[in-house]
Each structure stands twice: as C-alpha cells, then as structure tokens.
Amino acid sequence: MCGIIGYKGLRNASDVVINGLKRLEYRGYDSWGMALIGSDMNVVKNVGKIGEVDEINVGEAHIGIGHTRWSTHGKVNKLNAHPHLSCDKKIAIVHNGIIENYQEMRRYLISKDHVFVSDTDSEVIAHLIEEHMKTVDFVEAVRRAVNELKGSYAIVAMHKDMKYLVGAKKDSPLVIGVGENELFFASDVPAFLEYTRDVVFMDDGELAVLNSGVEIFDIETGKKKKKDITHVDWSAEQASKGEFEHFMMKEISEQNRTIKQALSHSRDTIEDIANRINNAFGIFFVACGSSYHAALTASYIFSKIAKKHINVVVASEFPYYKDFLTDRTLMMPISQSGETADVLQAVKTAKEKGTHVVSIVNVVGSSLYRQSDYALTMNAGPEICVLSTKTYTSQLTLLTLLAYACAGKIDEGKLLLERVAKEVEELTSPETRIRLVELASKLKDKKNIFVIGRGVNYPTALEAALKIKEVSYIHAEGFPGGELKHGTIALISEGTPCIVLAPNDETREEIISNAMEIKSRGGYIIGISPENNEVFDFHIKVPDEGIASSILNIIPIQILAYYLAVLRGCDPDKPRNLAKSVTVK
Ligand code: F6R
C-alpha cells in the first residue's frame, strides 16, 4: 500500500520525485524517502508526511527513486523507511508489497556476510540483487532476485554506476509513464500526470528497464516482450486541489458532474451488461469497504426494480463461496482503484471456476480493469482523498442504471439519475455546508454516533458510519433501523447522537418509530429526510427521489464527516493508519 516513483530524464529528479510522492501520499504516509544518483548516491529519509516538505537540497540529479510508506514489517522510523541499500551502498531499491519468504532470504544473505540495518522485509531485495551481481550484470541480477521472491511486489531499483532504472511487478501496482526524453515508474498514474499521459501498464511477472526507451522482459524466462502505450485522458488539474483546501471537499463537490459522467456510457454498453446479468445463473457483487456498501445498496435496488436476487459478498470472504461458482455464474467486482488485493484474489478464485467477470472500476488500466472479461468504467477521474466519496456515488449510479436496464427501463433510470445529479449540486452548495458546519460543531466532542436506515438506506447507514469514523475518529456505527434495540440501544444515553435516514418510502413509518425509541432514551435525533418530523432535533432536508435516495442521503453525511474532521484537527485527506489502495491481503 506504499507509493513508489522512479524518474529518469532531463528535469531535476529531486523535484519530480518529491512531486510524485506528494501525489502518491494517499497510498501511505508514515514515512518517506528518496535516492538520487548525481555525482554520488544521495539518500534522504524522514518520518512523517512528504506533504509537509517544501524543497530538499540534494544537488543536481536526473535519475532517482522515491517511496512513501505504509508500514507492514517494522516500526515507523528512519531506518525502516525506503529506499533500502545494498552493503556497498551502490544499489537502492523501493518496494511496495510483502515479501513472504524474507526471513529465509535474510538468513541466507546473512550467511553470505550481508549486513541488515532495518527490520523490513524489503531490505532483502537490495542485498539479493547485490549477491547476484557477483556473477551477472545489474538487470539480470534484478531479474534473478525477483524471481526468487515469494509474495507481492512492485519494485524499482537503481545502481550508482548505471544510468537506468529497473522495475518489476507481481500482485502490486506499477505503471510506466512515457514522456519526451523522460520516463517514469509509479504506483499510480497521477504521480506523473503533470508530465505525461502516455502510460505502459505493467502486468504481473514483468520486468522493465527505463533507459533511452522502455524495454520489457518476462521475469521467469528473461525473454523480451512487446507492450502498447495507452493514452489516459485524466488531466493534471483533475488531480490537484484547485480552490479547495482538501481533496475530500473538492471530490464531494464534484459529484453532480461525476454522476453525469458515470451515465455517459452508450445504451448498447449498458444493455449488453444488463443482458449478461439477466442471462447469468447466480450473480455475485464482490467488493470491500465503501464499494461493498454500494454493492449492498444495489442488491436492494435490483430486487425492487429488476426483481433480481444478487449475492453480495465482501471480497476477502468470496473465496469461501467458491463452491457456488460455475461457468454460468456472473461475478461483478466493484472497485475504485482496481488494485484492492482482496478483490483481485476474489477474481482469481472466480476465474479458476470459469466464472464470467464483469467489473465496475474507476482506474482504467488497473489490474482489475485488465483482468476482467469486461470492465465498466466509473469515469469519475482521479480520486485522491483516501476516503471514497465521488466514486461511491458513481458506483451507485451505474448499479442503479444497470438495475433499470435489466428491467428494460433504461430511459426511466437515466432520467431519474440525471435529476439526482442536479439535486446533488444543491446538496453541496455553500448554504447546505453552513448548516452542516453547525451540526458538526454540536457533534464534534461526542464519543459515539449511531446511524440507522432501513431497506435501501440500511447500507447507506453503514457507509455513513464508515465516513464519520474513518475521518474524524469518532466511533460511529450503522444499523438497520430494527436492529439497534437488539443490543446497542444500551449505549444510548442523554444526548447520544443518532442519525436517522428517513426517506418518503415504505420504510418511513418504521424508521420514525425506531427514532422515537432512541429519543425516549435521551438520544439526539438528526433526521436526513425530505420532510421534517417532530422526533427530529436537527433536520437536514434532502430531495425525495425514491429508490435513488441512497445517493442523495450520503452527500450531507460526507460533508458532515469532513467538517467533523476539520473541527477536530484531523487531516481529511489522509486519515491515520489508512491507505487508499489496499494492495495487501
Ligand atoms: C472508505 C474507502 C475504502 C474503500 C475500500 C475499497 O472511504 O475508501 O473502504 O472503499 O478500500 O477500495 P476500492 O474501491 O479501491 O477497491
């Protein structure tokens, strides 16, 4: 889940690496480091966020690598920060992933007199390359070294005496940027988007050498491979904060546009996927975190609109369902990044059973995008804030449209969602935000917040609680309205806030009576609803859009979560311990 970057070109490598790391910081931010080859190998490492660094004076260099860390092995300190060096200090490597056989490798390398300075699994890579260099050149040494590694890796390595970079990938993301007279390695495209939009997406088992051009080799055989360059249409502006203080608020505010962009697929495309759903024998939506909440919401929408039963499974649990899979099953993974390890593992499980895989994914060219039989894109542009906001509503939009398409009502679905896009604009307006700042100031010192919803808004309650807790660190829990009284109501005391999602649908009466039960125990009731009700202590008005209410209801909660974070002094873009792409299992 770390971020890595490599640069070779005419610019000052230090600026490119620092810029790139700032753009990759959403992947990990407990420490960072870089190595540059100028007249010598210069290494800088630090604990903390790279975002807090303005400029570093390391002299002139045109080749360099950098890393922003999300620790898995070894404490957060300078020694464990990457890059890691070989004993002779000539080889520097950065690594994202987990080396499963590192203990055995470490013992072997120690027996060969290598001296380790960190507690990481990654350091073995630098020493292993050094060991192989006793008999072969640098590129071949990297190939042999990575061929011996078990686990997952995206690695970039450089050698003080060579003017090129070597990268290798297995089960962790690594892409190559191809500019004019300059080349980049990175975990993700936004890291080099301001310099080039031409990308080579590396596949597992590939090794690349960036010299005067790009050369790709098969790690196992060493044979050269041909790869295409893809032009991506994301822009550097999309990946910058613009007038906003944080990406989180920028991305929340973009949702009127991103919902429309999700709707921009041709009728043929949507109908084709609807046919695959209609013809499948067993359908699984598979996802993690917020994407899972979108999938769960969609299962209610499919049931109501298309009369279809969808199995919704958290990706890490999916392999245990493998006995239900056949070549007539349809698996639909849903993922913003397309790099979530649990989702990719689930796809592997499905493919082993011959199951057809149609994904919904935001990052074009990501592993999921390439591994799917078909990938329906969210078209939301880069999402930089660690929390998903705009891609959550993009997922809901696409899934809702598919449900309507399955029922042969694509036009009706499109009209509804276009209206929702307009209404979302009002919900993110300054007036609504002022009201939510007022609510955030009332809630900012609370210990617990509960959220309840029923039907299609039950998963919205789960998503609301996730948004609040992950960014403000206030404990929050979401429940189906009927469930709180089966235990957790014991925690309600005078002033405990409970957010109640009360649309004008079949759930309204019952959810209001659940709100009464909480209020009569002292709960402070915040109603998110098209209409006010006497049980609400604080009312946030949202438009009434029936089955699409889950898209509208989450918007004020995203904004509330943002202000809770800001008022409590938390960084909304980079919550502690979190990384945007969870590329480890
Ligand atoms: C929460 C959040 C995570 C992701 C989850 C899946 O705000 O962002 O829960 O939704 O890690 O990520 P993707 O969609 O990239 O597979």
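How many aromatic pairs does the count come to? First, the rule. Rings of Phe, Tyr and Trp (its six-membered ring) pair if their centres lie within 6.5 Å; planes under 30 degrees apart are stacked, over 60 edge-to-face, and the rest tilted. By this rule there are 10 aromatic pairs.

Before the details, some ground rules. This is a predicted model, where local features need pLDDT of at least 70 and side-chain atom pairs count only at pLDDT 80 or more, while totals for chains, interfaces and linings use all residues. Residues are numbered from 1 along each chain as its sequence is written, and side-chain values use heavy atoms, with hydrogens and water left out.

Back to the rings. A pair of aromatic rings is described by the distance of the centres and the angle of the planes. Take Phe284 and Phe318. Their pair is edge-to-face, with 5.5 Å centre to centre and 75° between the planes. Phe284 lies in strand β16 (residues 283–287) and Phe318 in the loop between β17 (311–314) and β18 (330–335), so the pair ties together parts 34 residues apart in sequence. Helices (H or I, at least four residues) and strands (E, at least two) are DSSP runs, numbered from the N terminus.

Phe284 is buried at 3%. Phe318 is buried at 0%.

Next, Phe450 and Phe479. The ring centres of Phe450 and Phe479 are 6.3 Å apart and the planes are at 40°, so this pair is tilted. Phe450 sits in strand β21 (residues 448–453) and Phe479 in strand β22 (residues 475–480), so the pair links distant parts of the chain, 29 residues apart. Phe450 is buried, at 0% relative accessible area. Phe479 is buried too, at 10%. Elsewhere, ring pairs join Tyr7, Phe184, Phe192 and Tyr195 into a cluster.

Rings also meet charges. A charge sits over a ring if NZ of Lys or CZ of Arg is within 6 Å of the ring centre and within 35 degrees of the ring normal. Arg435 has its charged end over the ring of Phe538, 4.1 Å from the centre. Arg576 does this with Tyr473, at 3.8 Å.

Now the core. A nonpolar core is a set of buried Ala, Val, Leu, Ile, Met, Phe, Trp, Tyr and Cys residues joined through side-chain atoms within 4.5 Å. The largest has 122 residues, and Phe285, Phe302 and Ile499 have the most contacts inside it. Helix α16 (residues 549–567) gives the largest share of this core, 12 residues. Contact means heavy atoms within 4.5 Å. Not counting residues up to four places away in sequence, Ile499 touches several residues, including Phe450, Ile468 and Leu560.

On to the ligand. Which residues are closest to the ligand? A residue is near a molecule or strand if one of its heavy atoms lies within 4 Å of it. In this model 13 residues surround the ligand, and the closest are Ser291, Ser335, Ser337, Thr340 and Glu470. An N or O atom in the side chain of Ser291 is 2.6 Å from a ligand oxygen atom. For the side chain of Ser335, that distance is 2.6 Å.

Last, helix α3 (residues 123–132). There, 10 of the 10 residues are buried, so the helix is largely enclosed by the rest of the structure. Its buried residues pack against elements including α2 (102–111) and α4 (138–147).

Methods: Buried means under 20% relative accessible area, exposed over 50%, partly exposed in between (1.4 Å probe, protein chains only). A polar contact is a pair of N or O atoms within 3.5 Å; within protein, one must be able to donate a hydrogen and the other to accept it, and residues adjacent in sequence count only if both atoms are side-chain atoms.
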